Amino acid sequence: HASTTVSDAYKDVQAAIDSLPPKQKNIFKLVKVDGYSMEETAKKTGMTAGAVKVSVHRTLQKLREKLG
């Protein structure tokens, strides 16, 4: 029977993240992978914390759609 392994799931998630536009991927990784706060990410990117929050939210929505 076909079952998704953790390794396969990780590859699917990584591929979905890699398919994001560069700026969106960078913001997402800073917050969700590297653990920076919205404020820290805003300072690093020259954006407002609100814009960072919106970007991360939209990225999560996009990843959910891609991963089903």
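1. Thr 41 counts as buried, at 0% relative accessibility. This residue belongs to helix 3. A polar atom of the Thr 41 side chain lies 2.9 Å from the backbone oxygen of Ser 37. Setting aside residues up to four places away in sequence, Thr 41 touches Ile 27, Leu 30, Val 31, Tyr 36 and Val 52.

2. A word on confidence. The model is predicted. Mean pLDDT for the protein is 93, and 94% of the residues reach 70 or more. Among the elements, helix 3 (residues 38-45) has the highest mean pLDDT, 97. Helix 1 (residues 6-18) has the lowest, 91. Where pLDDT is low, predicted coordinates should not be read in detail.

3. Overall layout. The protein has 4 helices and 0 strands. Along the sequence the pattern reads α-α-α-α. The C-alpha trace spans about 50 × 20 × 15 Å along its principal axes. Of the 68 residues, 24% count as buried. Take the contacts between residues at least 6 apart in sequence: 48% of them join residues at least 24 apart.

4. Which residues form the largest nonpolar core? There are 6: Ile 27, Val 31, Ala 42, Met 47, Val 52 and Val 56. Helix 2 (22-33) and helix 4 (49-67) each supply at least two residues of this core. A second, separate core has 5 residues, among them Ala 16, Leu 20, Phe 28 and Leu 63. As a general rule, nonpolar side chains in soluble globular proteins tend to be buried together.

5. Val 31 deserves a look, as a member of the largest core. Its contacts, leaving aside neighbours within four places in sequence, are Tyr 36, Met 38, Thr 41, Val 52 and Val 56. Val 52 and Val 56 also belong to that core. Thr 41 is the buried residue of point 1.

6. Helix 4 has 19 residues. From first C-alpha to last it reaches 27 Å, close to the 27 Å expected at 1.5 Å a residue. Its buried residues are Val 52, Ser 55, Val 56, Thr 59 and Leu 63. Why do they sit on the same side of helix 4? Because they cover an arc of only 100° around the axis. These buried residues pack against helix 1, helix 2 and helix 3.

7. The other side of helix 4 has exposed residues: Lys 53, Arg 58, Arg 64 and Glu 65. After the helix comes Gly 68. The phi of Gly 68 is positive, near 75°.

8. Gln 24: buried or exposed? Gln 24 has a relative accessible area of 14%, so this residue is buried. Gln 24 is found in helix 2. Not counting residues up to four places away in sequence, Gln 24 touches Ser 55, Arg 58, Thr 59 and Lys 62.

9. Ala 15 lies in helix 1. The relative accessible area of Ala 15 is 46%, so this residue is partly exposed; the cut-off for exposed is over 50%. Ala 15 and Lys 32 are 17 residues apart along the chain. Their C-alpha atoms are separated by 16 Å.

Conventions:
Residues are numbered from 1 along each chain as its sequence is written. This is a predicted model: local features need pLDDT of at least 70, side-chain atom pairs count only at pLDDT 80 or more; totals for chains, interfaces and linings use all residues. Side-chain values use heavy atoms; hydrogens and water are left out. pLDDT is the predictor's confidence in each residue, from 0 to 100. Buried means under 20% relative accessible area, exposed over 50%, partly exposed in between (1.4 Å probe, protein chains only). A nonpolar core is a set of buried Ala, Val, Leu, Ile, Met, Phe, Trp, Tyr and Cys residues joined through side-chain atoms within 4.5 Å. Contact means heavy atoms within 4.5 Å. A polar contact is a pair of N or O atoms within 3.5 Å; within protein, one must be able to donate a hydrogen and the other to accept it, and residues adjacent in sequence count only if both atoms are side-chain atoms. The expected span of a helix is 1.5 Å times one less than its number of residues. The arc is that of the directions from the helix axis to the C-beta atoms.
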